Amino acid sequence: MEGIELRSLQSAHRRLAVLVCHDPAYLPIFERIEKEIAILNESGDVISRARAVAALHKQVA
C-alpha cells in the first residue's frame, strides 16, 4: 500500500511542479507533497534498518 501511495505522491509532485512554474499559488500544495514524500521515504528506511537488525538477530540466535 505504501508503494502505491508513494508513486501517487510522486506523480502529483511532478504535475504540481509544472503548475507552480505557471502560478506560485500552488507552492503550498507542492511543499506539502514534498514533505509527505520525505516522510514515506524516511519510514521506509527505518523499516529496512529494522529488517536488517532482525535478520542479524536470527543469525546469532
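Me: In which helix is the place of Gly3?

Reply: Please keep in mind that this is a predicted model. Gly3 belongs to helix H1.

Me: Is Gly3 buried, partly exposed or exposed?

Reply: The general idea is that a residue is buried under 20% relative accessible area and exposed over 50%, with partly exposed in between. Gly3 has a relative accessible area of 36%, so this residue is partly exposed.

Me: What separates the C-alpha atoms of Gly3 and Arg51?

Reply: These two residues are 48 residues apart along the chain, and their C-alpha atoms are separated by 17 Å.

Me: How many helices and strands does the secondary structure of the chain come to?

Reply: The chain has two helices and zero strands. Helix H1 covers residues 2–22, and helix H2 covers residues 27–60.

Me: How should I read the radius of gyration of the chain?

Reply: One sets the value beside that of a compact globule with 61 residues, which would be near 10 Å; the chain has 17 Å. The box filled by the C-alpha atoms, taken along the principal axes, is roughly 60 × 15 × 15 Å.

Me: What percentage of the residues of the chain count as buried?

Reply: Of the 61 residues, 15% count as buried. The accessible surface of the chain is about 5,000 Å², and carbon and sulfur atoms account for 62% of that surface.

Me: Which residues make the nonpolar surface patch?

Reply: Leu19, Tyr26 and Ile29 make the patch, which has an area of about 240 Å². Leu19 lies in helix H1.

Me: How exposed are Arg32 and Glu36?

Reply: Arg32 has a relative accessible area of 51% and is exposed, whereas Glu36, at 24% relative accessibility, counts as partly exposed.

Me: How far apart are the mean positions of the positive and negative charges of the chain?

Reply: The chain has 8 positive and 8 negative charges, and their mean positions are 8 Å apart.

Notes:
Residues numbered from 1 in each chain as written. Predicted model: local features only at pLDDT ≥ 70, side-chain atom pairs only at ≥ 80, totals over all residues. Heavy atoms only, no water. Patch = residues over 30% accessible without salt bridge, like charges linked within 9 Å, V, L, I, M, F, W, Y side chains within 5 Å. Areas by Shrake-Rupley, 256 points an atom, 1.4 Å probe, with all protein chains shown as cover. Salt bridge = Lys/Arg side-chain N within 4 Å of Asp/Glu carboxyl O. Helix = DSSP H or I, 4+ residues; strand = E, 2+ residues; numbered from the N terminus. Rg over C-alpha atoms; globule rule 2.2 N^0.38 Å. Buried < 20%, exposed > 50% of the residue type's maximum accessible area, 1.4 Å probe, protein only. Lys, Arg positive; Asp, Glu negative; His and termini not counted. Charge placed at Lys NZ, Arg CZ, Asp CG, Glu CD.
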